[in-house]
Amino acid sequence: MGKDLIIVESPAKVKTIKKFLGNKYMVQASVGHIRDLPTKELGVDEENDFSPDYQVIQGKQKVVSALREAAAKADNVFLAPDPDREGEAIAWHVAEIIAKENKNISRIQFNEITARAVREALENPRELNRSLFDAQQARRVLDRLVGYKISPILWNKIKRGISAGRVQSVALRLIVDRERERYAFTSEEYWVFRANLAAETPPPFKAELFKVDDKKPAIASAEQAQELEKSIEGKAFIVDSVQEKERSRKPQPPFITSTLQQLASQRLGFSAKRTMSVAQRLYEGLDLGDMGTTALITYMRTDSVRISDEARDSARELIASLYGKEYCPAKAPVYKTKGSAQDAHEAIRPVDVTLTPDKIKGLVAPEQYSLYRLIWSRFMASQMAPARFHDTTVLIGCGGTQWRVKGERLLFPGYMAAAPASAKEANVELPPMQQGQTLELTLLEKEQKFTQPPARYSEASLVREMEEKGIGRPSTYASIISTIVDRDYTRLEEKHFVPTDLGFVVCDMLTNHFGTLMDIGFTAQMENSLDKVAEGDLDWVALMKDFTSDFNPTLASAAKEMKTVKAGLETDIVCSECGKPMAIKFGKAGPFLACTGYPDCKNTSNFTRDESGTIQLVEREQEELKPVGTCPECGKDLVVKQARTGSRFIACTGYPDCKHTEPFSTGVPCPNDGCDGQLVEKSSRRGKIFYSCNRYPQCDYATWNWPVAEACPQCDSKILTIKSTKARGKHIACPACKYTRALEDEE
């Protein structure tokens with residue numbers, strides 16, 4: 001009697017599963033997808049019900065041969081790729097390429113890689129799910145049609161090598177629309193007042209101006225601020241009312257893919273792609289020394305907050321043990337999954353809650369430990385009792401003004417004992433006060449501020465927006481974000497997306513000529529249709545026919561009517577050499593300005609845009625030849641030079657005989673934990689200066705503003721930066737929080 005064969009996706013899973021199955025089974029990996037549409041042609045027969053021409057992926061021939069050989073030796077084959085549509089597609093393709101070698105093929109799936117879960121799956125095999133496969137196939141064919149048919153038009157009209165995508169282009173539109181909101185925004189001045197007050201007993205406290213003449217304050221100038229200050233000068237601050245109440249705050253549900261990506265971005269600074277990569281390793285299993293290769297979390301691509309009864313009971317038992325019975329609610333919390341979610345999997349949780357983060361610290365990479373701690377804490381907190389607070393709100397009158405202060409005292413930490421970082425509010429102690437009591441004013445503070453434009457999307461907020469609007473699915477968020485950055489449609493500035501000129505042009509062209517495709521509602525509806533295919537309620541070929549009935553005529557129209565911008569987008573910038581208009585062109589190294597008088601005038605310039613979107617020329621500075629050191633290779637002077645794209649660097653005066661160069665250092669240590677690098681000056685392909693760690697790619701820290709070696713007084717950022725905005729000019733700002741101060745305060 002031969003062995004049975006289990007085929008998984010990744011080699012890492014092979015090691016984890018072999019640990020507890022021993023020699024009873026052969027376990028091999030497909031190493032992801034083994035077949036796909038061809039790379040150099042459409043590969044879809046539209047005249048024959050969109051029949052796809054699947055081919056073995058280049059470089060996977062040896063994997064395919066090994067799988068066929070193993071299948072021929074096995075009694076039964078169990079296909080065990082990930083439990084989602086992509087996994088079902090991988091299983092389907094593997095089944096087709098080994099069908100001649102073995103007919104005894106079954107599908108198994110598990111949400112966690114444990115001995116119990118794998119054995120239960122082996123005891124309950126099923127047939128391959130044609131509907132799930134069709135849903136994945138429909139998505140793949142849809143994306144192929146959109147990408148392969150629109151991209152050549154963009155090559156012809158804008159720039160060769162760029163692309164369009166059914167979902168990525170809509171995500172780009174969100175970013176472009178938000179930037180245009182920022183361009184249109186007009187900043188308005190306003191003033192805030194704070195009264196530093198003291199009661200009969202400490203502590204002193206600050207109250208904020210709440211109302212003026214029973215209306216919300218609207219102090220729009222320094223003159224109005226002075227008038228208000230004079231109007232209350234010498235008047236008493238008297239307590240109008242004291243309201244006290246107890247408040248409880250419930251824990252958040254365990255993670256789903258989107259919320260994990262969002263919090264990992266906010267707390268750990270991880271990109272969506274990095275989060276999913278680290279989570280994949282936690283799911284597949286890590287070597288924990290004496291414990292062997294162990295899977296740490298359940299499957300990480302899910303939009304369900306449901307958890308198993310066993311996981312709930314294990315968590316409650318551990319909560320009572322670690323924190324006390326009062327932290328374990330009488331009735332276990334139940335969280336409701338969104339109506340559009342696929343409830344096939346559990347939420348993301350630890351496989352074994354007793355394996356606390358402290359037990360694996362030092363056994364895994366720091367990023368793996370940090371993400372596991374985030375997942376473990378969130379799951380434990382989700383099963384704990386609410387936190388309870390005592391809130392106090394005091395209203396204080398002074399002349400025609402009213403001031404407000406809120407106090408908060410923690411009565412019972414509840415779930416915060418497991419996830420303290422989830423609580424942004426700290427205790428705000430107030431002294432005892434009563435109605436009619438007169439308070440002492442020790443200082444009246446007034447501060448000029450300006451309204452801010454809508455915030456650019458961060459990775460976390462973009463994922464949240466896509467989730468809320470139904471754009472994409474948990475498994476696609478990371479790849480969507482990676483694609484729009486890799487295509488140079490947007491760049492990250494201080495962890496926020498800024499569309500490039502190329503991104504604006506591509507988005508506008510697609511919106512003008514493919515309105516339906518770029519419509520957020522249509523994209524969300526298409527996701528719902530794909531869900532119906534997965535559920536067996538909609539035929540995928542019918543879906544494709546419906547889509548192409550509108551898409552194909554639109555495509556033909558766009559090919560004729562879309563205007564070319566290869567000659568450049570004319571601007572109101574005048575050429576400094578001949579006086580003709582300058583135009584934006586898209587070169588291999590990014591956009592640049594070129595004279596429309598070419599070839600008679602060959603003047604070009606790099607440029608940037610300010611906060612209102614206005615073009616700013618990047619002036620080429622004269623090279624500074626002041627010696628700054630001695631070359632370690634030849635002993636000649638080192639001088640500061642300037643790269644073509646604008647950034648400075650150190651070079652040997654012995655060039656070309658000596659080619660020694662060094663980056664231009666800011667002298668500021670890299671703020672990333674555990675990194676001993678320094679921030680050095682660099683420039684992007686578009687000529688924008690930024691400052692990054694000299695240990696790149698080992699460390700990927702970067703900031704767009706000149707760094708200052710000073711810790712932020714309001715958060716845990718190890719540096720500040722010198723920032724310039726239209727409203728405030730140059731000022732000191734924290735790259736991680738909203739802390740700012742005037743540059744004039746510096747020596």
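Analyst: Helices (H or I, at least four residues) and strands (E, at least two) are DSSP runs, numbered from the N terminus. This is a predicted model, in which local features need pLDDT of at least 70, side-chain atom pairs count only at pLDDT 80 or more, and totals for chains, interfaces and linings use all residues. Residues are numbered from 1 along each chain as its sequence is written, and side-chain values use heavy atoms, with hydrogens and water left out.

User: What is the helix and strand content of residues 3-113?

Analyst: The span is 34% helix and 22% strand, and its end C-alpha atoms lie 21 Å apart. UniProt lists residues 3-113 as "domain: Toprim" in an unreviewed entry; such annotations may be inferred rather than shown by experiment.

User: Why are S32 and S35 called edge strands?

Analyst: The open sheet runs S32-S33-S34-S35 with antiparallel pairing. Strands S32 (706-708) and S35 (740-742) each pair on one side only.

User: What makes a set of residues a nonpolar core?

Analyst: The members are buried Ala, Val, Leu, Ile, Met, Phe, Trp, Tyr and Cys residues joined through side-chain atoms within 4.5 Å; buried means under 20% relative accessible area (1.4 Å probe, protein chains only). The largest such core has 139 residues, and Phe110 and Ile150 are among those with the most contacts inside it. Helix H5 (residues 130-157) gives the most, with eleven residues.

Definitions and conventions: Pairing = 2+ DSSP bridges. Buried < 20%, exposed > 50% of the residue type's maximum accessible area, 1.4 Å probe, protein only.
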